[in-house]
Amino acid sequence: MSLLPQLRYPTVTELVWSARALAADHPGLCALRQVGVSRAGRPLHLLSVGRSGRAVLVVAGAHANEPTGGCTLLALARRVLDERALRDGLSWHFLLCADPDGASLHSTPAPHSLLDYHLGFYRPPAPEQPEWSPAALPPDRLPPETRALTGVIDELRPYLQVTLHGTDLGGSWVQLTKDIPGLAEPFARSAAELRIPVEAGASDAAGWPVAGPGVHVMPPPDAGAAYPSMPDDARNSTWYHAHRYGGLTAVVEVPMWASDLVTDPAPHPAPAAALRRLAQRLLRDTLEVERVLGEALPRLNGSGGPLLRAAQWGLDLVPGLAADWTHTAPAGSTMAYVGSVDAFARRLPLRAAAMLLRVLQERDDRAAPRLERLVAAWSTSFADRFRARWVPLEDQTEHQSRTVLAAALHARERAS
């Protein structure tokens, strides 16, 4: 009998319920415990399987709007329990949700379209994200979720930390804080078998060394940033905390909707001009959201909470990012990279508009219908432009699971 009523995106409550059932069914092998609390007092839970000192830490829910990780985490836990070979000399530890407060604000029950997805959208600003806050805040101001995560890393000293991420529309890729030789081949094979495109030029990893199709290794500290205006640096995130103990982090991204427009490695014929056009569209779309915000803000009387704060933070990123794209086209820019930037340029104003829409709808504000039309039009345009096709949740989960297991195997060989 399934621990969840059906294969869908689980809530944090359902994740905890399922983990508790696993621990009860395997009392000598599996344990669930609380490792911290969120800013709002929600518990953070760690499910552990096995007792070996060589640890793999798997983190789900670091970004509230990326829900696949919860399903993957449960699938991995069950597989590790079922297959003794996966526990040979290893212990596995699963942080069920790194940001339960964020998860309570993002709703992804069973989206049928990008519009459905955005109508329940929430993603906090970087300083409020558990993994990214160290890149934006001094140590004495880190949120409790971050301290809980780094505390788990300090305790377990994992040779591998895997953090489960996702994208709304695009392809799959992996980011590594150190290379894992041998990972690229099983990653590509899994994606091909499941018809999940591999991003050939993910903008999140612009300028990074490539270990294989879709597998990117973070550059050394002295490397320049691809987007100088962006306020965060992965090298200051919790991804690097495992390095204190000789470990590394793999970030496994999987799409909800797939697009082949992010797979073409051919050189773009005119990347500088294309990026300028995308920057101009980004500024134009952002201005539309800012006009609605400017009109409605006096009526909000300082209210709006985390949704408004996150929307404003996203809008504030736009001028600098548009300038980055206008003035710099990375050497060897590909069709896939320009496609990835195109998606990025659509996401920022769309996400800000979606979160602001939720604020205005809650107050029955007269500006809400105008914003609702924008969110609907942009969601449709995004899906149409990229010829989006839904990736079945079982395939999203299977691909992430396979990639985690391959990373654990090959990283173990690397550490031996």
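User: To begin, which is Ala-331, buried or exposed?
Analyst: Ala-331 counts as exposed because its relative accessibility is 81%. Exposed means over 50% relative accessible area, buried under 20%, and partly exposed in between, with a 1.4 Å probe and protein chains only. Please note that this is a predicted model, in which local features need pLDDT of at least 70 and side-chain atom pairs count only at pLDDT 80 or more, while totals for chains, interfaces and linings use all residues. Residues are numbered from 1 along each chain as its sequence is written, and side-chain values use heavy atoms, leaving out hydrogens and water.

User: Where is Ala-331 found?
Analyst: Ala-331 is in the loop between α8 (305-327) and α9 (335-362). Such labels number DSSP runs from the N terminus: helices are H or I with at least four residues, and strands are E with at least two.

User: How do α8 and α9 pass each other, and why are they called roughly antiparallel?
Analyst: Their axes come within 9 Å and cross at roughly 155°. Axes are lines fitted to C-alpha atoms, for helices over the stretch in contact, and angles between N-to-C directions run from 0 to 180 degrees. The pair is therefore roughly antiparallel, since that word covers angles over 145 degrees, whereas under 35 is roughly parallel, 65 to 115 roughly perpendicular and the rest oblique.

User: Which residues make the contact?
Analyst: Contact means heavy atoms within 4.5 Å. On α8 the residues include Leu-307, Leu-315 and Trp-325, and on α9 they include Phe-344, Met-355 and Glu-362. By class, the contact of α8 with α9 has 17 nonpolar residues, one polar and two charged. Here Ala, Val, Leu, Ile, Met, Phe, Trp, Tyr, Cys and Pro count as nonpolar, Asp, Glu, Lys and Arg as charged, and the others, Gly among them, as polar.

User: What about α7 and α10?
Analyst: The axes of α7 (residues 271-300) and α10 (residues 368-385) come within 11 Å and cross at roughly 160°, and these helices are therefore roughly antiparallel. Among the residues in contact are Asp-285 and Arg-291 of α7, with Arg-370 and Trp-378 of α10. Their contact has five nonpolar, no polar and five charged residues.

User: Changing topic, which residues touch the most other members in the largest nonpolar core?
Analyst: That core has 45 residues, and those touching the most other members are Leu-47, Val-58, Trp-92, Phe-94, Leu-160, Leu-176 and Ile-180. Another core lies apart from it, with 41 residues, including Ala-352 and Trp-378. A nonpolar core is a set of buried Ala, Val, Leu, Ile, Met, Phe, Trp, Tyr and Cys residues joined through side-chain atoms within 4.5 Å.

User: And Leu-261, buried or exposed?
Analyst: Leu-261 counts as buried because its relative accessibility is 17%. Leu-261 is in the loop between β9 (248-258) and α7. Not counting residues up to four places away in sequence, Leu-261 touches Met-335, Ala-336, Gly-339, Arg-385, Phe-386 and Arg-387.

User: Last, what is the phi of Asp-364?
Analyst: Asp-364 has a positive phi of about 50° although it is not a glycine. Most residues other than glycine have a negative phi. Asp-364 lies in the loop between α9 and α10 and counts as exposed because its relative accessibility is 70%. Arg-195, also not a glycine, has a positive phi near 60°.
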